Amino acid sequence: MRAAICQLNAGDDDVESNVVTAERLIGEAADSGADLAVLPELFAYYGSQRRMRQLAEPVGGPITSRLAALARARSMWVLGGSVCESADGRVYNTSLLFDRAGDVVARYRKIHLYDAEPGQRPIRESSLFSAGDEVVTHDVEGFRLGMSICYDLRFPELYRGLMTSGAVVLAVPSAFQAVTGAAHWEALLRARAIEEQSYVLAAAQWGPWGPPDAGHRTFGNAMIVDPWGSIVVRAPDEADGVWFAELDAGEVRAVRTLLPALSHRRLGNAC
């Protein structure tokens with residue numbers, strides 16, 4: 001399977017421009033033969049919580065409908081990074097998987113919400129989002145895809161749960177912060193790949209977001225990591241674009257055979 005990860009900056013208040021950029025990148029992925037394209041977290045807009053709450057829509061709303069139409073028109077799988085989903089009077093940070101017909105076949109609501117102060121103005125995702133509570137996987141072209149979002153990356157138990165559910169590809173659409181990204185992004189992505197002996201597809205945002213005086217920046221460096229923990233492809237710090245890798249089920253089997261750590265677990269499926 002040919003996979004594509006997208007990188008963009010959605011800190012601009014011009015939501016239409018952000019969505020058009022995402023559509024363009026998915027189109028570039030399709031033109032290069034990608035079976036699956038992955039967008040970053042909150043690709044349509046990443047900024048003030050007031051604005052994100054205003055933009056929240058149910059699945060099937062304007063933004064998600066455009067992704068569905070694009071997946072259908074280009075006959076490709078699209079993992080729509082994440083959007084602000086409104087449901088049952090709440091707002092969720094939600095990742096949607098569209099199949100080649102444009103149908104939503106999987107929905108993952110971000111479980112771990114980022115409430116921190118990483119050397120800048122505090123970020124409190126829980127002030128806007130409700131947390132999800134489901135581990136979600138789905139088959140994509142014979143590869144079981146495990147879904148996660150950004151801050152989830154720091155919680156290895158989620159990825160162990162995805163692997164025990166059959167995942168061999170782990171999606172991590174992100175808007176990882178620059179301060180923590182410089183220290184931890186690569187290390188955590190490679191660790192998740194090594195621990196679960198799976199591919200990791202980490203689409204990413206880059207650049208400034210939020211009020212100019214807040215000092216917020218996302219890290220970029222979107223990357224694909226193979227089941228041995230090697231970086232297959234890596235985007236620069238600051239650039240819109242699409243990066244590709246061929247995913248090989250045989251490579252997953254080879255790594256799991258060479259080093260059968262997953263079969264040596266002693267504490268049950270949860271660990």
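Alanine A71, leaving out residues up to four places away in sequence, touches M76, V78, F98, D99, R100 and G102, where contact means heavy atoms within 4.5 Å. The model is a predicted one, in which local features need pLDDT of at least 70, side-chain atom pairs count only at pLDDT 80 or more, and totals for chains, interfaces and linings use all residues. Residues are numbered from 1 along each chain as its sequence is written, and side-chain values use heavy atoms, with hydrogens and water left out.

**Residues in helices**

- A71 belongs to helix α3, residues 62-74, where helices (H or I, at least four residues) and strands (E, at least two) are DSSP runs numbered from the N terminus.
- A71 has a relative accessible area of 0% and is therefore buried, a word that means under 20% relative accessible area, while exposed means over 50% and partly exposed lies in between (1.4 Å probe, protein chains only).
- Between A71 and E23 there are 48 residues of separation in sequence, and their C-alpha atoms are 9.9 Å apart in space.
- Y159 sits in helix α4, which covers residues 156-164, and Y159 counts as buried because its relative accessible area is 0%.
- Not counting residues up to four places away in sequence, Y159 touches S148, D152, L153, L170, V172, R192 and E196.
- From Y159 to R90, which are 69 residues apart along the chain, the C-alpha separation is 26 Å.
- W185 lies in helix α5, residues 178-196, and W185 is buried because its relative accessible area is 0%.
- W185 and A222 are 37 residues apart along the chain, and 9.5 Å separates their C-alpha atoms.

**Residues in strands**

- T94 is placed in strand β5, which covers residues 90-98, and a relative accessibility of 1% is why T94 counts as buried.
- The side chains of T94 and E85 are joined by a polar contact of 2.6 Å, a polar contact being a pair of N or O atoms within 3.5 Å, of which, within protein, one must be able to donate a hydrogen and the other to accept it, and residues adjacent in sequence count only if both atoms are side-chain atoms.
- E85 is also among the residues in contact with T94 once neighbours within four places in sequence are left aside, and the others are G81, S82, V83, R107, Y108, R109 and I149.
- A37 is part of strand β2, residues 36-38, and A37 counts as buried because its relative accessibility is 1%.
- A37 and V78 stand 41 residues apart in sequence, with a C-alpha to C-alpha distance of 5.0 Å.
- V78 is also one of the residues that A37 touches, not counting residues up to four places away in sequence, together with A4, A29, M76, W77 and L79.

**Two loop residues with positive phi**

- D88 is not a glycine and yet has a positive phi of about 55°; D88 is found in the loop between β4 (83-87) and β5, and at 73% relative accessibility D88 counts as exposed.
- C150, also not a glycine, has a positive phi of about 45°; C150 is found in the loop between β10 (143-147) and α4, and with a relative accessible area of 7% C150 is buried.

**Nonpolar cores**

- The largest nonpolar core has 49 residues, of which L97, W185, L189, L201 and L247 touch the most other members; such a core is a set of buried Ala, Val, Leu, Ile, Met, Phe, Trp, Tyr and Cys residues joined through side-chain atoms within 4.5 Å.
- A second, separate core has 42 residues, including V19, I26, L70 and L96.
- Leaving aside neighbours within four places in sequence, L189 is in contact with L153, V172, V200, A202, M223 and V225.

**The largest pocket**

- The largest pocket is lined by 16 residues, of which G47, Q49, P122, I123 and W209 lie nearest its centre.- The elements that give two or more residues to that lining are α2 (49-55) and β8 (123-124).
- On a 1 Å grid over the protein atoms alone, a pocket is an open set of points where a 1.4 Å probe fits, with protein on both sides within 12 Å along at least five of seven lines, and lining residues have an atom within 4 Å of a point.
- By class, the lining of the largest pocket has 8 nonpolar, 5 polar and 3 charged residues, where Ala, Val, Leu, Ile, Met, Phe, Trp, Tyr, Cys and Pro count as nonpolar, Asp, Glu, Lys and Arg as charged, and the others, Gly among them, as polar.
- The volume of the largest pocket is about 220 Å³, a volume being the space filled by probe spheres set on the grid points, which are joined across faces, edges and corners.
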